Amino acid sequence: MLLEEGTNTRFAYLKLGDTIAKAVRIFLDLKIAIIPVLDQNGRLLSIFSRSSLYRAVLNGATSKDVVDPYLITNVISISDDLSDEQLASFVKVSSVGSVPVLDREGKVIGLLCKANMVVTLFKHSELLNVQLKAILDSMHNGVIAVDGRGCITHISIGARRILGIDSASLMGKPFHGLLPNLDITPSLVHGVVQIGKKYRCRNVTMVVNMTPLNIEGSIEGAIVIFQDLTDLEHTAKELETVKALNKTFDTVLNIIRDGIVVIDERGKTTLVNQAMANFLTLPPDKIIGRPITEILASSRLHHVASTGLSESSEVLTIQGKPIIVSSSPIIKEGNVVGAVGKAVFPHLAEAQELAEKVRCLEHKVSFFQEELQKNMTAQTIMKDMIAESPQMKRLKDEISIVASSSSTVLITGESGTGKEVVAHAVHLCSERYQGPFIKVNCAAIPESLMEAEMFGYEGGAFTGASRSGKPGRIERADGGTLFLDEIGEMPLALQAKLLRVLQDREVERLGSTESIKVNVRILAATNKKLINAIANAEFRSDLYYRLNVINLHIPPLRERLEDIKPLTHFFITKFNTILKANVMGITNNAMAALLNYSWPGNIRELENVVERAVNYAPSGLIELLHLPHNIISCNPPMIHAENDGIRHQDKIGQIEREMIMAALEKAGGNKTKAAKLLNLSRSRLYDKLNKYNLRP
């Protein structure tokens with residue numbers, strides 16, 4: 001896009017309270033005309049321009065004064081999704097030299113300089129001019145372009161061939177000197193399009209079209225396109241030959257007693273013989289041009305056209321009659337351009353009985369496959385939920401019970417306990433498992449966009465809205481499940497609208513006055529105590545009681561120590577596959593350290609710890625030295641249990657030294673990468689290198 005080419009992404013910004021000296025340094029370093037002023041969230045507040053600097057100087061401001069009094073708050077900005085046409089129009093009418101470019105969240109991503117944009121547009125104009133000339137010269141027909149005065153500006157290669165002329169001497173000359181008695185005046189003066197004029201010149205008979213070039217209401221020239229009639233006569237003869245072949249082809253098709261139907265790559269019928277039309281009790285002209293699925297709902301011919309794979313001897317029942325169908329793709333130059341289907345109409349009673357038996361067996365197989373897939377999906381998600389502790393076993397039983405209900409469910413638990421996994425399990429174990437599972441993270445979507453994301457909008461409902469409108473996530477979850485994660489972060493204004501959805505099962509898009517019925521089950525999750533949020537007027541009590549019909553609470557990992565060991569082995573298997581490692585397990589000392597840790601980050605933290613350990617120990621067993629320092633430091637009794645004659649502090653130092661050496665080896669000696677692996681600052685790593693005498 002032109003906007004990407006013309007936007008300068010190398011810029012700096014100011015904050016309220018910054019000094020004029022800082023602004024001057026930015027102007028000198030980056031050579032930009034304006035400096036955006038951002039709030040703490042990175043959104044645009046105002047700008048400080050060179051004219052702002054001049055005003056400050058005239059007012060006697062010093063370099064230590066703040067920029068605030070001289071900021072321009074009436075800022076013209078543009079969105080990063082402007083089309084090329086919108087951008088060109090903006091550049092034409094805008095009176096400012098530079099403007100900030102904002103993303104959908106209102107954050108500045110660059111600066112658009114009008115001068116740079118003009119240069120970019122000029123380069124694109126030159127490119128289009130070259131491309132247009134190449135297109136005109138590649139045409140078999142003759143093309144002559146003239147300006148508004150009727151002087152020749154371009155003669156294509158085809159025109160030179162047909163007329164037998166050299167274009168160099170004719171450029172800039174009047175058009176009527178090249179093709180006399182061909183009046184182009186109506187097109188140049190009155191904008192008349194002249195089509196199919198017969199004209200003879202230089203012993204060549206031509207068909208000529210003349211079209212004016214209308215640019216923003218002004219006629220700036222015309223295009224003259226002509227074709228030698230000799231070519232048309234040759235084409236007419238070829239068409240006659242093709243017509244004769246088609247007639248022969250139609251005769252052969254209609255002699256065949258089997259039904260034949262042909263479709264293109266889009267699935268639309270392009271040919272049908274009389275036998276197939278008679279079977280469908282439709283005239284051929286009512287079949288051709290229609291999608292095959294409208295004519296034969298059970299047909300798989302469109303799948304053959306899309307996959308290129310043949311299917312043979314399939315039994316279909318059409319209008320209560322069984323037929324045997326075979327389908328083959330049509331291949332042209334290595335690409336699938338359609339498919340042809342042949343239908344055999346059996347008349348014997350034995351054949352009809354056999355076809356009916358096959359059809360019944362296919363229905364049974366299809367039914368059992370669907371049931372098996374449903375059970376496998378539910379069993380898989382329940383199997384992935386590690387539950388050795390009594391609390392988690394009870395939770396899995398509760399999931400199985402509430403999944404069959406349509407009531408709302410509130411899932412509570414600390415961050416990282418697996419609330420989304422529980423929500424997905426409820427969905428997949430329910431009758432809605434084939435419907436959509438739509439997730440909304442209420443904490444991740446900006447408040448300004450939340451309503452549009454949740455409820456959708458009509459075209460033109462607000463600035464930047466899609467012309468065709470957009471369904472919201474509630475609407476997209478129709479027939480399935482809507483999971484509202486971090487529900488405690490939802491703005492109060494939207495809580496009222498969500499309450500209506502729960503009560504009436506209706507949504508109303510932004511900019512619309514019509515309600516849309518939705519069949520959706522709502523699951524919500526939070527790590528906050530909503531009762532406290534209600535007391536602080538941060539959450540509606542009526543919404544809380546609507547959501548808390550069924551409560552599923554996930555205990556923190558520190559309260560279910562029985563799950564730590566199986567979870568650890570599950571994650572080892574997972575990261576062996578992802579990281580192509582061969583870790584066989586974990587030592588008793590390392591497992592004791594995991595069991596002795598409090599796990600404030602719960603399962604998410606345990607997963608990260610195991611991933612880190614598999615990186616450090618790509619084979620063998622995970623040992624104590626492969627665990628993070630914060631877990632090791634919480635386990636002095638366990639370290640002492642090794643009883644190898646080394647003091648606690650010395651043992652910790654030895655483990656830390658080995659961890660640093662392992663990180664340096666993994667980073668190939670790069671200390672910056674090693675510091676990131678150890679979650680240390682670079683200066684802190686250098687301190688430890690000196691401490692353990694590891695400097696090269």
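Colleague: Which residues of helix α22 are buried, and within what arc do they fall?
Modeller: Helices (H or I, at least four residues) and strands (E, at least two) are DSSP runs, numbered from the N terminus. In this predicted model, local features need pLDDT of at least 70, side-chain atom pairs count only at pLDDT 80 or more, and totals for chains, interfaces and linings use all residues. In helix α22 (residues 588-596) the buried residues (under 20% relative accessible area; exposed is over 50%, partly exposed in between; 1.4 Å probe, protein chains only) are A590, M591, A593 and L594. Seen down the axis, with directions taken from the helix axis to the C-beta atoms, these residues line one face of α22, because they fall within an arc of 155°.

Colleague: Which residues are closest to the centre of the second largest pocket?
Modeller: On a 1 Å grid over the protein atoms alone, a cavity is a set of points where a 1.4 Å probe fits but cannot get out, and a pocket is an open set with protein on both sides within 12 Å along at least five of seven lines; lining residues have an atom within 4 Å of a point. The second largest pocket has a volume of about 630 Å³, where grid points are joined across faces, edges and corners and a volume is the space filled by probe spheres set on the points. Two or more lining residues come from each of α15 (419-428), α21 (564-579) and α23 (602-616). Of the 25 lining residues, the closest to the centre are T417, G418, K419, V421 and I603.

Colleague: How many charged residues are in the lining of that pocket?
Modeller: Ala, Val, Leu, Ile, Met, Phe, Trp, Tyr, Cys and Pro count as nonpolar, Asp, Glu, Lys and Arg as charged, and the others, Gly among them, as polar. By class, the lining of the second largest pocket has eleven nonpolar and four polar residues, and the charged ones number ten.

Colleague: Which strand gives the largest share of the lining of the largest cavity?
Modeller: The largest cavity has a volume of about 150 Å³. Of its 17 lining residues, the closest to the centre are S299, R300, L316, V325 and S327. At least two lining residues come from each of β14 (311-318), β15 (321-332) and β16 (335-344). The largest share is four residues, supplied by β14.

Colleague: Why is the pair of Y597 and W599 edge-to-face?
Modeller: Rings of Phe, Tyr and Trp (its six-membered ring) pair if their centres lie within 6.5 Å; planes under 30 degrees apart count as stacked, over 60 as edge-to-face and the rest as tilted. The structure holds five aromatic pairs. Both Y597 and W599 are buried. Their ring centres are 4.7 Å apart and the planes stand at 85°, so the pair is edge-to-face.

Conventions:
Residues are numbered from 1 along each chain as its sequence is written. Side-chain values use heavy atoms; hydrogens and water are left out.
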